[in-house]
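The briefing is arranged by topic.

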Amino acid sequence: MTSARPVDPYSQDGQTGQTYHPPQAYPAPPGGAPSVGHQAGGGGTSGGGTLGGGTSGGGLRRPRTGARTVPRTRKARLRVAKADPWSVMKVSFLLSIAVGICTIIAVWVLWMVMDAMGVFSSIGDVIIEATGAEDGSGFDLEAFLSLPRVLMFTTLIAVIDVVLATALATLGAFIYNLSAGFVGGVEVTLAEDE
């Protein structure tokens with residue numbers, strides 16, 4: 001009757017006291033089952049725990065910690081095909097009114113500074129001496145460049161500027177629409193803010 005256990009071929013007495021263990025290519029790690037990719041003694045790899053590129057002893061890929069992901073900025077190319085003349089007129093009207101108010105305030109501040117420095121009186125004295133009018137009947141610069149007269153002249157210029165700027169902007173919108181019908185309009189590239 002034959003034995004169920006294999007016989008050790010290297011036994012001297014032919015006894016079957018010990019079981020036969022075949023040689024193993026990779027010894028099992030302590031406390032667990034043998035894993036693919038783990039070599040004993042570090043043969044063929046530096047570090048003794050990895051085999052191939054990026055696999056650990058457990059057969060899993062390690063994530064790359066040094067790689068940074070750069071967010072991509074989305075861009076869109078758009079074309080201004082038409083400018084609405086009514087909206088252009090409203091915006092240009094409001095902007096020209098704002099510019100007119102700023103002009104009036106700037107002229108008022110400039111006049112006050114020049115009057116405090118005595119510029120008008122000194123220029124008036126020079127004009128009187130140049131014209132040779134000793135009785136004081138010469139040209140009076142201070143009366144001519146008084147604050148109400150200067151502000152009235154500046155307001156008149158600001159009103160004319162409002163009318164002209166609004167008309168020119170509206171006419172420009174009509175001309176742009178005509179030219180955009182031929183050449184396609186202005187192309188604009190828009191990008192997301194990072």
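The following notes treat strands, salt bridges, helix residues and a surface patch in turn.

This is a predicted model, in which local features need pLDDT of at least 70 and side-chain atom pairs count only at pLDDT 80 or more, whereas totals for chains, interfaces and linings use all residues. Residues are numbered from 1 along each chain as its sequence is written, and side-chain values use heavy atoms, with hydrogens and water left out.

**The paired strands**

- Strand β1 (residues 75-80) and strand β2 pair in the antiparallel sense over 6 bridges; two strands pair if DSSP finds at least two bridges between them.
- Strands (E, at least two residues) and helices (H or I, at least four) are DSSP runs, numbered from the N terminus.
- Within this pairing, Arg79 stands opposite Glu187 in β2.
- Strand β2 (residues 186-191) is hardly covered, as the count of buried residues among its 6 residues is 0.
- Buried means under 20% relative accessible area, exposed means over 50%, and partly exposed lies in between (1.4 Å probe, protein chains only).

**Salt bridges**

- How many salt bridges does a search of the whole structure find? The search finds 2, a salt bridge being a side-chain nitrogen of Lys or Arg within 4 Å of a carboxyl oxygen of Asp or Glu.
- Glu192 is partly exposed, with a relative accessible area of 40%, while Arg74 counts as exposed at 58%.
- A salt bridge also joins the side chains of Arg77 and Glu187, at 2.3 Å from N to O.
- That pair links distant parts of the chain, with Arg77 in strand β1 and Glu187 in strand β2, 110 residues apart.
- Both Arg77 and Glu187 are exposed.

- A polar atom of the Ser96 side chain lies 2.9 Å from the backbone oxygen of Ser92.
- Leaving aside neighbours within four places in sequence, Ser96 is in contact (heavy atoms within 4.5 Å) with Asp161, Val162, Ala165 and Thr166.

- Thr155 counts as partly exposed at 34% relative accessibility, whereas Thr170 is buried, with a relative accessible area of 13%.
- A polar atom of the Thr155 side chain lies 2.7 Å from the backbone oxygen of Leu151.
- The C-alpha atoms of Thr155 and Val107 are separated by 10.0 Å, although these residues are 48 apart along the chain.
- Not counting residues up to four places away in sequence, Thr170 touches Pro85, Val88 and Met89.

**A nonpolar surface patch**

- Which residues form a nonpolar patch on the surface? The patch consists of Ile101, Ile105, Trp108, Val109, Met112, Val113 and Met117, with about 680 Å² of accessible area together.
- Patches are made of residues with over 30% relative accessible area and no salt bridge, joining like charges within 9 Å and nonpolar side chains (Val, Leu, Ile, Met, Phe, Trp, Tyr) within 5 Å.
- Accessible areas come from the Shrake-Rupley method with a 1.4 Å probe, and for residues only the protein chains shown count as cover.
- Val113 lies in helix α1 (residues 85-117) and is partly exposed, with a relative accessible area of 43%.

Notes: A polar contact is a pair of N or O atoms within 3.5 Å; within protein, one must be able to donate a hydrogen and the other to accept it, and residues adjacent in sequence count only if both atoms are side-chain atoms.
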